[in-house]
Amino acid sequence: MSILVRFTPANLTADQYENVNRRLAEGGDSAPDGRELHVCFGNEGELRVSEVWESEEKMQAFGERLMPILGEFGIEQGAPPEILPVVNFESP
């Protein structure tokens, strides 16, 4: 069953977000196995991220590679991510 994960990092800026994405792309992790959807949204300095994953296990496996990169750019986790079961997922 897919899950929706909502991340609320502390003080995330667009510059930090872009730096993380660049580093992930350099390491071949821009499209991690099991991630079905990724969206970053919100106001500068308060950006949020929501993702849909095939499973919590795949999300956690990617998180092991992601967390050190977040630390490099001074991104603090904030509140623990909210993890919810997906009831329906449609795309055009």
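This text goes through the predicted model from its overall fold to single residues.

The protein is built from two helices and four strands. Helix α1 covers residues 14–26 and helix α2 covers residues 56–72. Strand β2 takes in residues 35–41, and a loop lies between α1 and β2. Strand β4 runs over residues 76–85.

Next comes the overall size. The C-alpha trace spans about 35 × 25 × 25 Å along its principal axes. A compact globule of 92 residues would have a radius of gyration near 12 Å, and the value of 13 Å for the protein agrees with this. Among contacts with a separation of 6 or more, 75% are between residues 24 or more positions apart. Of the 92 residues, 32% are buried. The accessible surface comes to about 5,900 Å², and carbon and sulfur atoms account for 52% of this surface.

What charges do the side chains carry? There are 7 positive and 17 negative side chains in the protein. The centres of these two sets lie 2 Å apart. Some of these charged groups pair up, and the count of salt bridges comes to seven.

One of the salt bridges joins the side chains of Arg23 and Glu72, with 2.2 Å from N to O. Arg23 belongs to helix α1 and Glu72 to helix α2, so this pair ties together parts that are 49 residues apart in sequence.

Another salt bridge is formed by the side chains of Arg65 and Asp29, at 3.0 Å from N to O. Arg65 sits in helix α2, while Asp29 sits in the loop between α1 and β2, so the pair connects parts that are 36 residues apart in sequence. Arg65 has a relative accessibility of 39% and counts as partly exposed. Asp29, in contrast, is buried, because its relative accessibility of 15% falls under the 20% limit for buried residues.

The side chains of Asp33 and Lys58 also meet in a salt bridge, with an N to O distance of 3.3 Å. Asp33 lies in the loop between α1 and β2 and Lys58 in helix α2, so parts that are 25 residues apart in sequence are tied together here. Asp33 counts as exposed because its relative accessibility is 56%, and the limit for exposed residues is over 50%. Lys58 is partly exposed, with a relative accessibility of 26%. Salt bridges can also share partners: Arg23, Glu26 and Glu72 are joined into one network in this way.

The last stop is a proline. Where is Pro80 placed? Pro80 is found in strand β4. This residue is exposed, with a relative accessibility of 65%. Along the chain, Pro80 and Pro9 are 71 residues apart, yet their C-alpha atoms are separated by 8.8 Å.

Technical notes: Residues are numbered from 1 along each chain as its sequence is written. This is a predicted model: local features need pLDDT of at least 70, side-chain atom pairs count only at pLDDT 80 or more; totals for chains, interfaces and linings use all residues. Side-chain values use heavy atoms; hydrogens and water are left out. The radius of gyration is taken over C-alpha atoms; the globule rule is 2.2 Å times the number of residues to the power 0.38. Buried means under 20% relative accessible area, exposed over 50%, partly exposed in between (1.4 Å probe, protein chains only). Contact means heavy atoms within 4.5 Å. Accessible areas come from the Shrake-Rupley method with a 1.4 Å probe; for residues, only the protein chains shown count as cover. Lys and Arg count as positive and Asp and Glu as negative; His and the chain ends are not counted. The place of a charge is taken as NZ of Lys, CZ of Arg, CG of Asp or CD of Glu. A salt bridge is a side-chain nitrogen of Lys or Arg within 4 Å of a carboxyl oxygen of Asp or Glu.
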